[in-house]
Amino acid sequence: MDTRTGFIVLFCLMGLTCAEPVKFIDCGSSSGKVAIVDINPCASQPCQLHKGQSYSVNVTFNSAVVSQTSTAVVHGIIAGVPIPFPIPIKDGCKSGIQCPIQKQQVYHYVTTLPVKTEYPAIKLVVEWELSDDDQQDLFCIRFPVHIVS
């Protein structure tokens, strides 16, 4: 194989392994604006989340306020009913964000989403909120997922 063909194959393989940003809906980000949501691994959308595995979640957002703290809350919305979805670290300041949060700065909220084996195999919408000191949403996003065995 010549060098040119090798580079083409390499770039094609890199394209297959790179995650595409997840399509999301803003559900009320009052004190920030979301730019990108990445879930890794997520080869197709809605993301298939396998029971017993953990997924990396990265939300890039711009803050419109100053805040000393940030707190994450996650719900699974099933048939219109929000059900709490536990995450390992609720403190956004321990999830890639350097606090205090400054106005007009870009932040990368990075955490893991564990999918417990006892969860049912179901399609649902995940609602993820990160609140500031005043309980206003730095971001609120919704995206569909499919929990599979």
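**Close-up views of a predicted model**

**Figure 1. Overall view of the protein.** The protein exposes about 8500 Å², and carbon and sulfur atoms supply 59% of that area. The model is predicted. One helix and nine strands make up its secondary structure. Along the sequence they run in the pattern α-β-β-β-β-β-β-β-β-β. Of the 149 residues, 35% count as buried. Contacts reach across the sequence: among those between residues at least 6 apart, 66% join residues at least 24 apart.

**Figure 2. Confidence along the chain.** Mean pLDDT for the protein is 88. Residues at 70 or more make up 87%. Strand 9 has the highest confidence, at 97. Helix 1 (residues 3-17) has the lowest, at a mean of 37. Over residues 1-17, pLDDT stays under 50. The model has two contacts beyond four places in sequence for this stretch. Where pLDDT is low, the predicted coordinates should not be read in detail.

**Figure 3. The largest nonpolar core.** This core holds 32 residues. Phe-61, Tyr-109, Trp-128 and Phe-139 touch the most other members. At least two core residues come from each of strand 2 (32-40), strand 3 (47-50), strand 4 (54-63), strand 5 (71-78), strand 7 (106-114), strand 8 (122-131) and strand 9 (137-148). Strand 9 gives the largest share, six residues. In soluble globular proteins, nonpolar side chains tend to be buried together.

**Figure 4. Trp-128 and the aromatic cluster.** Trp-128 is one of the residues that touch the most other core members. Beyond four places in sequence, Trp-128 touches Val-57, Ala-72, Val-73, Val-74, Ile-87, Tyr-109, Thr-111, Leu-113, Phe-139, Cys-140, Ile-141 and Phe-143. Trp-128 also belongs to an aromatic cluster, together with Phe-61, Tyr-107, Tyr-109 and Phe-139.

**Figure 5. The aromatic pair of Phe-85 and Tyr-119.** The model has five aromatic pairs. In one of them, Phe-85 and Tyr-119 are tilted, with 5.1 Å centre to centre and 50 degrees between the planes. The pair links distant parts of the chain, 34 residues apart. Phe-85 sits in the loop between strand 6 (81-84) and strand 7. Tyr-119 sits in the loop between strand 7 and strand 8. Both residues are buried.

**Figure 6. Surroundings of Tyr-119.** Tyr-119 counts as buried because its relative accessibility is 14%, and the cut-off is under 20%. Leaving out residues up to four places away in sequence, Tyr-119 touches Lys-51, Phe-85, Pro-86, Pro-114 and Ile-147. The C-alpha atoms of Tyr-119 and Gly-52 are 9.1 Å apart in space. In sequence, these two residues are 67 residues apart.

**Figure 7. Glu-127, a buried residue in strand 8.** Glu-127 lies in strand 8. Glu-127 is buried because its relative accessible area is 10%, and buried means under 20%. A polar contact of 2.6 Å joins its side chain to that of Arg-142. Apart from neighbours within four places in sequence, Glu-127 is in contact with Cys-27, Val-73, Val-74, His-75, Ile-77, Cys-140, Ile-141 and Arg-142.

Technical notes. Residues numbered from 1 in each chain as written. Predicted model: local features only at pLDDT ≥ 70, side-chain atom pairs only at ≥ 80, totals over all residues. Heavy atoms only, no water. Core = buried A, V, L, I, M, F, W, Y, C linked by side-chain atoms within 4.5 Å. Buried < 20%, exposed > 50% of the residue type's maximum accessible area, 1.4 Å probe, protein only. Helix = DSSP H or I, 4+ residues; strand = E, 2+ residues; numbered from the N terminus. Contact = heavy atoms within 4.5 Å. Phe/Tyr/Trp six-rings, centres within 6.5 Å; stacked < 30°, edge-to-face > 60°. Polar contact = N/O pair within 3.5 Å; in protein donor to acceptor, adjacent residues only side chain to side chain. pLDDT = per-residue confidence, 0-100. Areas by Shrake-Rupley, 256 points an atom, 1.4 Å probe, with all protein chains shown as cover.
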